[in-house]
Amino acid sequence: MARPPAKTARPSSNNSHLAGEYFVAAELYKRGFSVAMTLGNAKAIDLFAEKDLRTINVQVKAISVRKNVGWPIRSKRHVFSKIMYVFVCLNGPDTPPTFFIAFGREVRPRVHEYSTRAIINYGDLNSPQFLGRWDKIEAALHSSAARTV
């Protein structure tokens, strides 16, 4: 009797997050940024992006597939106005990642806090206001969120 096909192992959330960071770094690089990644878990900033001697801080949140409800986040008070947020859905092997880009002030009101966790729902970001909005990263370079190198 033939065996049923083996289930594909679900990637760990840590691997999804790391993959998301690399995809975001690549996208920023394509747009002319120099990018440095920070190391370690539980950090507030994942990437430093520099262009024209101005630097911005980027926090990356990644999920492996769309069927996830959304991106876990610590709480509203851990969303900072001077940090750019890039939410990544890695998607399946034959589909490129989907990126949602937001300012901290746009993220904070979309955090849903529960007794044991907080989350940003996929549906709250799935709009032209956030989808592929790399121009917000450029805008942040010219705001008070950026620092001169």
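Okay, hi everyone. First, some housekeeping: this is a predicted model, where local features need pLDDT of at least 70 and side-chain atom pairs count only at pLDDT 80 or more, while totals for chains, interfaces and linings use all residues. Residues are numbered from 1 along each chain as its sequence is written, and side-chain values use heavy atoms, with hydrogens and water left out.

So, what is the layout? The protein has four helices and nine strands. Reading from the N terminus, you get α-β-β-β-β-β-β-α-β-β-α-α-β.

Of the 149 residues, 44% are buried. Buried means under 20% relative accessible area, with a 1.4 Å probe and protein chains only. Now contacts, which means heavy atoms within 4.5 Å. Among contacts with a separation of 6 or more, 59% link residues 24 or more positions apart.

Let's go inside. A nonpolar core is a set of buried Ala, Val, Leu, Ile, Met, Phe, Trp, Tyr and Cys residues joined through side-chain atoms within 4.5 Å. The largest one here has 22 residues, and Val-24, Leu-28, Ile-56, Val-58, Val-86 and Ile-137 are those with the most contacts inside it. At least two residues each come from α1 (13-30), β2 (47-51), β3 (54-63), β5 (83-89), β6 (98-103) and α4 (135-141). Which strand gives the most to this core? That's β3, with four residues.

Take Ile-56: setting aside neighbours within four places in sequence, its contacts include Leu-47, Phe-48, Met-84 and Ile-137. There's also a second, separate core of 18 residues, with Ile-73, Ile-83, Phe-100 and Tyr-122 among them.

Next up, Glu-21, which sits in helix α1. Is Glu-21 buried or exposed? Buried, with a relative accessible area of 2%. Beyond its neighbours within four places in sequence, Glu-21 touches Met-37, Thr-38, Lys-43, Asp-46, Leu-47 and Val-60.

Last stop, β6. Six of its six residues are buried, so the rest of the structure largely encloses this strand. On one side you have Thr-98, Phe-100 and Ala-102, on the other Phe-99, Ile-101 and Phe-103. β6 runs antiparallel to β5, and six bridges join the two; DSSP has to find at least two bridges for strands to pair. Look for Cys-89, which stands opposite Thr-98 in β6.

That's my tour, thanks!

Definitions and conventions. Buried < 20%, exposed > 50% of the residue type's maximum accessible area, 1.4 Å probe, protein only.
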